[in-house]
Amino acid sequence: MTIVRTWAGTAARIVLAAVLGYAGWVKVQDLTEAGRTVALYQLVPEESAQLVGAAVAFTELALALLLLAGLATRAVAAVTALLMVTYIAAIASVWARGMSIDCGCFSSGGTLTGGAERGYVVDIARDLAFLGAAAFLITRPRTRYALDRWVLETKER
């Protein structure tokens, strides 16, 4: 059973790295648009949205690189879980306020004309799945092909 958990953790780590890496890379390509997307949520002052958008983009990229390398997996998974909770809360907030926007998770966001409610359910469900993967890594950070194995491994006697 341990080997199954190890491989499941490896898969979770790689999937989260790919998702965060792609999302961050898309945002870094147009930081102005990333800031506009943050502003659409109306959760931070408009003058701070640009900074928050850039911070999110670079944070996602940094987390992706650390997850891909398997370095500080438990800590990085905890930060990733916190990020997913933040995303879920932001999307739920927009939904609760009756706003109709694209989340901007994997592209630049924008105001939608319709069908946002269905989109919010899908976005929240997806982020809950990613939160589950991060939670799994918090509890079982030992994975295959990870630098943690060489950096943090203690010698057993």
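Predicted model: local features only at pLDDT ≥ 70, side-chain atom pairs only at ≥ 80, totals over all residues.

Reader: Which helix is threonine 6 in?
Author: Threonine 6 lies in helix α1.

Reader: And is threonine 6 buried or exposed?
Author: Threonine 6 counts as buried, because its relative accessibility is 15% and the cut-off for buried is under 20%.

Reader: OK, on to how helices pack. How do you describe a pair of them?
Author: Two packed helices are described by the angle between their axes and the distance between the axes.

Reader: So what are the angle and distance for α1 and α3?
Author: The axes of α1 and α3 come within 7 Å and cross at roughly 150°. That makes α1 roughly antiparallel to α3. The crossing of these two helices, α1 and α3, is left-handed.

Reader: Which residues make that contact?
Author: From α1 they include Leu16, Ala17, Leu20 and Trp25, and from α3 they include Phe58, Leu61, Ala64 and Leu67. By class, the contact of α1 with α3 divides into 16 nonpolar, two polar and three charged residues.

Reader: Leu20 is in that list. What does leucine 20 touch beyond its sequence neighbours?
Author: Leaving aside residues within four places in sequence, leucine 20 is in contact with Glu60, Leu61, Leu63, Ala64, Leu67, Thr80, Leu83 and Met84.

Reader: Where do α3 and α4 meet, then?
Author: Val56, Glu60, Leu63, Leu66 and Leu67 in α3 meet Val76, Val79, Thr80, Leu83 and Tyr87 in α4. That contact of α3 with α4 has eight nonpolar, one polar and one charged residues.

Reader: And the geometry of α3 and α4: at what angle do the axes cross?
Author: At roughly 145°, with the axes of α3 and α4 coming within 10 Å. The crossing of α3 and α4 is left-handed.

Reader: Different topic. Which residues in the largest nonpolar core touch the most other members?
Author: Leu16, Leu20, Leu67 and Leu137 do, in a core of 18 residues. The elements that give two or more residues to this core are α1, α3, α4 and α5.

Reader: Which helix gives the most to this core?
Author: That is α4, with six residues. There is also a second, separate core of eleven residues, which includes Tyr41, Ile88, Cys103 and Tyr120.

Reader: Back to α4. Is leucine 82 buried or exposed?
Author: Leucine 82 lies in helix α4, which covers residues 73-96. Leucine 82 is exposed, because its relative accessible area is 57% and exposed means over 50%.

Reader: How far is leucine 82 from alanine 135?
Author: Their C-alpha atoms are separated by 10.0 Å, while leucine 82 and alanine 135 are 53 residues apart along the chain.

Reader: Last topic, the loops. What is the phi of glutamine 42?
Author: Phi of glutamine 42 is near 55°, a positive value in a residue other than glycine. Glutamine 42 is found in the loop between α2 and α3, and counts as exposed at 55% relative accessibility.

Reader: What about alanine 72, where is that?
Author: Alanine 72 is in the loop between α3 and α4. Phi of alanine 72 is near 55°, a positive value in a residue other than glycine. Alanine 72 is partly exposed, with a relative accessible area of 35%.

Terms used: Residues numbered from 1 in each chain as written. Heavy atoms only, no water. Helix = DSSP H or I, 4+ residues; strand = E, 2+ residues; numbered from the N terminus. Buried < 20%, exposed > 50% of the residue type's maximum accessible area, 1.4 Å probe, protein only. Core = buried A, V, L, I, M, F, W, Y, C linked by side-chain atoms within 4.5 Å. Contact = heavy atoms within 4.5 Å. Axes fitted to C-alpha atoms, helices over the stretch in contact; angles between N-to-C directions. Left-handed = near helix turned anticlockwise from the far one by under 90°. Nonpolar A, V, L, I, M, F, W, Y, C, P; charged D, E, K, R; others polar. Parallel < 35°, antiparallel > 145°, perpendicular 65-115°, else oblique.
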